[in-house]
Amino acid sequence: MPDFKRCAVAAALFSLHAIHAAAKPIAFAHGTTIMTEYGAGTMEEVQAFYAPFYWLSLGPGYLRLDSDQASRTRAIRYVRANLLVHRWNLDDAQANVFVWGGLGTATGSGFRDTRLDRNAGFQADFETRRIYASLMSDLHESSAYSHRIDTAQLGFAPYAHDYDDLAVWFVVQARQYTGRLHRGTEWAGLVRLFKGGAWLDAGLTRDGKPQIMMMFNF
Amino acid sequence: MRNSVMSVMLLVSSAGTASAATIEMDVNGLVCAFCAQGIEKTLRAFPATADVVVSLEKKLVAVATRDGQDIGDEELRKALTNAGYTVKAIRREDESLDDVRARLKSKQ
């Protein structure tokens, strides 16, 4: 828990410097978001959220973790609620702060039986049509483990896309895992493409491992 | 007689597609096409909506309404607020939505 508190303070300081995210856990009122991510061999996640309001979404998720420091695996099935705490609609920018919480079940190689998993996190983002920045922290803990995945992204677009255009972004991602899942900071370079309701992030980490995220809104 | 039949045919054919008016809205926070889909989806759900145009460049959302129909300012403001955006101004123009599209393209 102290780690999480440190992260919350760091996030608050970070957001004061206008560092924020883009792939949002809430699309729009009455919209459904499906996200799937392959995180360089350490994490895989699938999520599906339905938003009854533009400030709330609910849905299930599945997270699998494979530690590169030990033969430790975790599989977590959860249900989560995402809340848009605040949105700033500015003339040429938008910024958001989301928080979420959920419960689930976890199985893994480092412990016996199924454990109750508790999930909490936040995301802050700021974007214009050419620049965006994000910070996200996702905590999972149970009686057998506690880990957090912290992700920061900074991106720029070579041109300002409009509503019907293919949007192209270049993104640098830094990710840290706590709970002895991965040593050090994992850096990745990504190309982000989106058009209509489809979104793709694809790239490589500094170790040459693939980092891929796909998202669909409808 | 032939002219009358032609006139009736023209009236019938135009009734289904013609737009009575175009409503333009200046919207804050319009920076990402992926995120702005909710605006189009919400506005197209109105029975009075004939077509919708969104311009991130001009921070503009334009709605063409069906012949003889309208959507009230409060309904529009509520729809965009519920989509997560802030409406700065709403105005009604005589211009068709195709003219709005052409104007937006010509100024790019």
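The model is predicted; local features need pLDDT of at least 70, side-chain atom pairs count only at pLDDT 80 or more, and totals for chains, interfaces and linings use all residues. Residues are numbered from 1 along each chain as its sequence is written, while chains are lettered from A and ligands numbered from 1 in the order in which they are written.

Confidence was examined for chain A. The score used is pLDDT, the predictor's confidence in each residue, from 0 to 100. Chain A has a mean pLDDT of 88. A value of 70 or more is reached by 90% of its residues. Among the elements of chain A, strand 6 (residues 115-127) has the highest mean pLDDT, 97. Helix 1 (residues 2-16) of chain A has the lowest, 42. Over residues 1-21 of chain A, pLDDT stays under 50. For that stretch the model has 35 contacts beyond four places in sequence. A contact here means two residues whose C-beta atoms, placed from the backbone, lie within 7 Å. Where pLDDT is low, the predicted coordinates should not be read in detail.

Chain A contains one helix and twelve strands. Both are DSSP runs numbered from the N terminus: helices are H or I with at least four residues, strands are E with at least two. The twelve strands close into a barrel in the order 1-2-3-4-5-6-7-8-9-10-11-12, with antiparallel pairing. Neighbouring strands of this sheet are turned by 15° against each other on average, direction ignored. Axes for such angles are lines fitted to C-alpha atoms, for helices over the stretch in contact, and angles run from 0 to 180 degrees between N-to-C directions.

Two strands pair if DSSP finds at least two bridges between them. Strand 3 (residues 56-66) and strand 4 (residues 73-89) of chain A are antiparallel, with eleven bridges. They form a hairpin with six residues between them. Leu58(A) stands opposite Ala81(A) of strand 4. Strand 4 also pairs with strand 5 (residues 94-108) of chain A, in the antiparallel sense, over 15 bridges. Four residues link these two strands in a hairpin. Here Arg77(A) has Thr105(A) in strand 5 as its bridge partner. Strands 5 and 6 of chain A run antiparallel and are joined by 13 bridges. Gly104(A) faces Asp117(A) in strand 6.

A residue is buried if 20 or more other C-beta atoms lie within 10 Å of its own, exposed if 12 or fewer, and partly exposed in between, with C-beta atoms placed from the backbone. Of the 218 residues of chain A, 42% are buried. A nonpolar core is a set of buried Ala, Val, Leu, Ile, Met, Phe, Trp, Tyr and Cys residues joined through C-beta atoms within 7 Å. The largest such core has 54 residues. Ala36(B), Ile39(B) and Ala83(B) have the most contacts inside it. Helix 2 (residues 33-44) of chain B gives this core its largest share, six residues. Ile39(B) touches Val54(B), Val61(B), Leu80(B), Ala83(B) and Tyr85(B), not counting residues up to four places away in sequence. A second, separate core has nine residues, including Leu65(A) and Tyr177(A).

Chain A and chain B meet through 24 residues from chain A and 21 residues from chain B. Helix 2 of chain B lies across strands 1, 9, 10, 11 and 12 of chain A. This helix runs at about 10° to strand 12 of chain A.
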